[in-house]
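Please open the model in a viewer and keep the selection panel at hand.

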Amino acid sequence: MKYRTIKSDVTGHPAIDGAGVHLVRVLGSPTVRSFDPFLMLDAFDSRNPADYIKGFPMHPHRGIETFTYLIQGEIDHKDSLGNSGKILDGCCQWMTAGSGILHQEMPQASDRILGLQLWINLPRKDKMVEPKYRDITVDMVPKVEEEAGTVAVVAGRYKNVEGATKGDYVDVRFLDMTLKPGYTWTVETKPSHTVFAYLVEGTCALTENNAMLSAKHAYLFTEGDAVALTGGLEGARLVLVSGKPLHEAVAWGGPIVMNSEDELREAFQELEDGTFIKHAKKTAGARA
């Protein structure tokens, strides 16, 4: 078995997005090629509501999927399809923007907001699919208790356990691992897939060569059949994310990601013309 090692260590940079939300942009334009099919990873962790309550008012998306994973806090959301609801502790939301959607995400004041938002690129052939939402509550996420810790199978398949959801267009696996101090967790991976870990809290070591992984970093791994991680002195909370790369051209303009500059210009022209939304609004309050 070939174990993966660390290919790159990404710390990201502080950013302000939406109407004034303070976050860390871990993955973005500079990492598009190496982390394919993952476009962006935003991490948020704050005990100060002033950092985030201005939120993300109504804005467009096309050509991507967004995956919001909220470990702690509350986010109210609604969209142009008529969906609305709350993302709460341990909940997540997978949104396929497809041909175009308008939505807003408004974090509410709480003791702490802690979570991630991951952008997944859509293949060229699926850029203009019908938009939809998948709201996933904490009780829908299966948890696997192992000697090394607890694995929450959020998306994809882990061993013989199917996750709470799966990608319809890109084969993505998203695991949330609470790793005990000194214990080793070994995860088999598809050799051709892009695999990375983001440490939410704590530390761990790559068992293969004892390289240390620290909190608030994303680690891209080399190709291989498995990843083995050993918990540090206080253990670690981490997400392990993998997906099949697309190997396609990326034209990225703010909230819209297409394959060419012409497609980007067309999308922004449609926003100006009022023809961006291609699918009818559902009944208000409906959940996709």
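The stops below begin with a sheet and end at an annotated site.

This is a predicted model, in which local features need pLDDT of at least 70 and side-chain atom pairs count only at pLDDT 80 or more, while totals for chains, interfaces and linings use all residues. Residues are numbered from 1 along each chain as its sequence is written, and side-chain values use heavy atoms, without hydrogens and water.

**The sheet.** Select the seven strands of the open sheet, ordered β2-β3-β4-β11-β6-β9-β12 with antiparallel pairing. Strands are DSSP runs (E, at least two residues), numbered from the N terminus, and two of them pair if DSSP finds at least two bridges between them. Because β2 (13-17) and β12 (132-136) each have a single partner strand, one side of each lacks a neighbour in the sheet. Now display β2 with β3 (residues 21-27): five antiparallel bridges join them, and Ala15 has Leu23 of β3 as its bridge partner.

**The annotated site.** Next, select His59, His61, His103 and Glu105, which an unreviewed UniProt entry lists under "binding site"; such annotations may be inferred rather than shown by experiment. They span 47 residues in sequence, yet no two of their C-alpha atoms are more than 12.8 Å apart, so they gather at one spot.

**Strand β10.** Centre on His103, found in β10 (residues 101-107). Beyond its neighbours within four places in sequence, its contacts (heavy atoms within 4.5 Å) include Phe56, Lys78 and Tyr133. Move to Glu105, also placed in β10 and buried, with a relative accessible area of 7%. Leaving aside neighbours within four places in sequence, Glu105 is in contact with residues including His59, Thr68 and Gln117.

Conventions: Helices (H or I, at least four residues) and strands (E, at least two) are DSSP runs, numbered from the N terminus. Buried means under 20% relative accessible area, exposed over 50%, partly exposed in between (1.4 Å probe, protein chains only).
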